[in-house]
Amino acid sequence: MLDALAVSGGVLITPMSTPATNPGAFQPLPPLTGRRIRAAVVGAGAIGRGSHFPALARLAEAGETEVVAAVDIDATAVESFCAEAGIPHAYTDLEQMLREQRPDLVTICTPPTLHRAQTVAALRAGAWVWCEKPPVPTLADFDAVEDEEGKDGGPYASIVFQHRFGSGTRHVRRLLAEQAMGRPLVAHCQTTWYRDTAYYAVPWRGRWATEGGGPAMGHGIHQMDLLLDLLGPWSEVKAMAGRLVHDVETEDVSTALVRFANGAMATVVNSVLSPDEVSRIRIDCERATVELTHLYGHSNDNWRITPAPDVSGDEAAAWQNFGPDVPSSHLEQLRELVVSMRAGERPRSSGTDGRTSLELITALYKSAFTDTTVRAGEIGPGDPYYTALHGGAPGWAPVAREEVSA
Ligand SMILES: NC(=O)c1ccc[n+]([C@@H]2O[C@H](COP(=O)([O-])OP(=O)(O)OC[C@H]3O[C@@H](n4cnc5c(N)ncnc54)[C@H](O)[C@@H]3O)[C@@H](O)[C@H]2O)c1
C-alpha cells in the first residue's frame, strides 16, 4: 500500500483534464465468469467510506466482489481508509491505479466536477463505472462520457441513484407500469430540506463551477430521478428559481410544473430553506393515491397507498403487499449492477436512463432563467444550457473577476 503511495510522485489528477491514457495501452480484461469482480473506490470521503465500501464489502462476503484499491488525492485519507477497511493498495493517482490494478469496476465518490474525467479514464482502462450523483456538470459532459462506453457488452458507466432500488420502489413501479391503480394523473415531488449559513460558508458550495448547481442539482436530484423512474419520460417543464436566503451564485429554492409524456402533471419543489425537512413523492392515480414520505432513504413503511372509495378491500390489500422489506440503499443498486456486469448488459441508471434527471434539471434551470416552457429533447449542442447549467443567463451566470473588482 505504502509503495503505491510513495511512487505516485505527487502527480495529481487535474479536474476536467483529458485523461492522458492511451486506450491502446490497455489489454481487454479477462471475462468475469467464475471469479470475483475486482473493484476500486475513488474518493475516500464520506460516501466512499460510508456507503460504497460497505456495499462492496457485503457483496464480497457473498463471493461477488473484492476491493483491490482506493484512490484519493489526500494521501493521509486514502492510507487510513485502506488500513481501516483492509484494502490492499492505496493510490493518490487514478491513472497509476488503473494501470497497475486493472480493476473491473471503479466506483467514483469524488466531487461532481471530477466525475467526467475520472469516468472516462476508467472506461478507457476497460473498467465499468458506478459514479455518484450528480452524474456530471452538464448534458455535454454526459454525452461525452456515453461516447466512451463500450458499444457491445460494456464497459458501461452507471449513476448512483439508490432511491430507485429496494422493495418499495420495485412494488410501486410495477403497479404503475401495469396501471393496476389506473392512469397516473397528478404528482408532487418535494425535496424540502434545511441548510444553514455555516453550510454555505464552505467556499465551494453555492457556486456553479464547484458545486455544479443549487438544490435542484445537488439535493432534489434524487426525488426527481425517482419520480421519473416511476412515471416515465417528461415532456415539458415551466420553472422558477430564487435566492431567498443564502449568499450563493446558484439558487437556494426552485419550483417547477412538469408534464409527463403519459399526460400526468407534477409540481416539483427543491428547497434548502425548509426547517421541517422532508422528501416526498405523491402520485394520484385514477383508483389510488401513492405516497412516499422519508428523508434520505426509504423502506416499506415509508410508502402509503390510499385506495379510491370504490376499490374492493381485497384489491386494496393486494396493493399493500410490498413483500419482504428491502430498504433503498447503495447495496441494492450495486447488487443489480453486478448482475448486469456478469451478463454484459447495460445496467439501469446508465445511458438514456441515467441521463433523464440531468436533462430535466437542465430544462428546469433554462425555463427558470429564460421564463419559457422547455420541452424534452430541445437542449442539445449549440444551446447555451447544453454546456452550462446557468446558460450564461444575466443575473445567474458567474460574474467574471474583473467585473467584480470594477
Ligand atoms: N448518493 C447519495 O445519497 C450521496 C450522499 C452524499 C454525497 N453524494 C455524492 O458523493 C460525492 C462525494 O461526496 P462526499 O460527501 O463523499 O464528499 P467528501 O468531500 O466527503 O469526499 C470526497 C473525497 O474526494 C477526494 N478527492 C478530491 N479530489 C480528488 C481527486 N482528484 N482524485 C481522487 N480523490 C479526490 C477528497 O480528498 C475527498 O476525500 C458527491 O458527488 C456527492 O454529491 C451522494
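1. Let's start with Asp 371: with 9 C-beta neighbours inside 10 Å, Asp 371 counts as exposed. On the terms used here, a residue is buried if 20 or more other C-beta atoms lie within 10 Å of its own, exposed if 12 or fewer, and partly exposed in between, with C-beta atoms placed from the backbone. You'll find Asp 371 in the loop between H14 and S14. Those labels are DSSP runs numbered from the N terminus: helices (H or I) have at least four residues, strands (E) at least two. Asp 371 also has a positive phi of about 55°, although it is not a glycine.

2. Before going on, a word on what you're looking at. This is a predicted model, so local features need pLDDT of at least 70 and side-chain atom pairs count only at pLDDT 80 or more, while totals for chains, interfaces and linings use all residues. Residues are numbered from 1 along each chain as its sequence is written.

3. Ser 349 is another non-glycine with a positive phi, here about 70°. The loop between helix H13 (330-343) and H14 is where Ser 349 is found. Is Ser 349 buried or exposed? Ser 349 is buried, because 29 other C-beta atoms lie within 10 Å.

4. Now the cis peptide bonds. One joins Lys 133 and Pro 134, with omega about -20°, and Pro 134 lies in the loop between strand S5 (128-131) and helix H6 (139-147). Another runs from Gly 154 to Pro 155, with omega near 5°; Pro 155 is found in the loop between H6 and strand S6 (157-159). Why point these out? Most residues other than glycine have a negative phi, and most peptide bonds are trans.

5. Step back to the overall layout. The protein chain is divided into domain 1 (6-132) and domain 2 (164-326 + 358-387), with bounds that come from an automatic or database domain assignment. The C-alpha centres of the two domains lie 31 Å apart.

6. Next, the inside. The largest nonpolar core has 97 residues, and those with the most contacts inside it are Ala 40, Ala 70, Val 129, Leu 227 and Leu 364. Helix H14 (residues 351-370) gives the most to this core, with 8 residues. The core draws at least three residues from each of domain 1 and domain 2. (A nonpolar core is a set of buried Ala, Val, Leu, Ile, Met, Phe, Trp, Tyr and Cys residues joined through C-beta atoms within 7 Å.)

7. Follow Ala 70 for a moment. Setting aside residues up to four places away in sequence, Ala 70 touches several residues, including Ala 40, Val 41, Phe 81 and Ile 87; contact means that the two C-beta atoms, placed from the backbone, lie within 7 Å. Strand S2 (residues 65-71) is mostly covered, with 6 of its 7 residues buried. Strand S1 (residues 37-42) and S2 pair in the parallel sense over 6 bridges, and Ala 40 stands opposite Ala 69 in S2. Strands pair if DSSP finds at least two bridges between them.

8. There's also an open sheet of 8 strands, in the order S13-S12-S11-S7-S10-S9-S8-S14, with mixed pairing. The edge strands are S13 (303-307) and S14 (374-375), each pairing on one side only. Look at S11 (residues 273-285): with S12 (residues 288-294) the pairing is antiparallel over 6 bridges, and the two form a hairpin with 2 residues between them. Asp 284 stands opposite Thr 289 in S12, and the bridge partner of Ser 279 in S12 is His 294. S7 (residues 184-194) and S11 also pair in the antiparallel sense, over 9 bridges.

9. What surrounds the ligand? Of the 23 residues around it, Gly 43, Gly 45, Ala 46, Ile 47 and Glu 132 come nearest, where being near means having a C-beta atom, placed from the backbone, within 6 Å. Helix H2 (residues 46-61) supplies the largest share of this shell, 3 residues.

10. His 246 is found in the loop between strand S8 (234-242) and strand S9 (253-260); His 246 is buried, with 21 other C-beta atoms within 10 Å.
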